[in-house]
Amino acid sequence: MAPGSRPQEASGDATMEDAPPSHQPTAEEVEEGDGVGGDEMDADVNYEEEEEEEPQRVKLLPGSTQTAASFEFADEGHTLGNALRYIIMKNPEVEFCAYAIPHPSEAKMNIRIQTYEGTSAIEALQKGLRDLQELCDVVAEKFWTSRNEFMGESTPQPQHV
């Protein structure tokens with residue numbers, strides 16, 4: 001063993017003391033039990049706890065039926081509401097579609113969809129969201145192509161993730 005070096009754990013893995021300072025746990029993490037020590041199972045649990053679950057952004061409002069439903073979108077406004085209403089109304093299976101912002105101080109948008117028999121309101125919403133995404137992809141592609149032609153560049157356009 002070289003002078004000044006630390007012995008490795010019995011399993012052959014390096015210890016946290018061998019890690020560079022940038023990868024060492026902070027004092028708060030050590031106090032909370034997220035730092036040095038514990039076995040691999042504890043580390044896996046800590047990583048799972050650190051992952052934030054994305055909140056549900058769309059919910060079905062009460063009083064909905066198979067062919068008539070209201071949905072609430074969190075953190076959305078007129079931009080998505082009007083575009084989605086327009087796209088959904090293009091669907092021949094849809095009888096009615098409208099959106100509303102219940103109150104300007106709340107970041108919520110409600111959309112009401114009524115369909116003819118044979119198609120559910122949920123299917124109409126899903127189709128509308130897919131169609132709107134495809135439309136946005138086409139617009140973005142045409143924008144980048146035109147921009148690159150204008151700038152005289154032949155660099156590839158950014159790809160949608």
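**Exercise 1.** Which residues does T67 touch, not counting residues up to four places away in sequence?

*Solution.* This is a predicted model, in which local features need pLDDT of at least 70 and side-chain atom pairs count only at pLDDT 80 or more, while totals for chains, interfaces and linings use all residues. Residues are numbered from 1 along each chain as its sequence is written, and side-chain values use heavy atoms, with hydrogens and water left out. Begin with the position: T67 lies in the loop between β1 (58-60) and β2 (68-74), strands being DSSP runs of E with at least two residues and helices runs of H or I with at least four, numbered from the N terminus. Then list the contacts (heavy atoms within 4.5 Å): T67 touches I113, Q114, T115, Y116, E117, T119 and A121, leaving aside residues up to four places away in sequence.

**Exercise 2.** Determine whether T67 and Q56 are buried or exposed.

*Solution.* Buried means under 20% relative accessible area, exposed over 50%, and partly exposed in between (1.4 Å probe, protein chains only). T67 has 19% relative accessibility and therefore counts as buried, whereas Q56, at 65%, counts as exposed. Q56 is found in the loop between α2 (40-50) and β1.

**Exercise 3.** Locate the buried residues of α3 and state what covers them.

*Solution.* In α3, the buried residues are L80, G81, L84, I87 and I88. They cover an arc of only 140° around the axis, so they lie on the same side of α3; the arc is that of the directions from the helix axis to the C-beta atoms. The face turned away from this buried side carries the exposed residues H78 and T79. The cover of the buried residues includes β2, β3 (94-100), β4 (108-115) and α4 (121-151).
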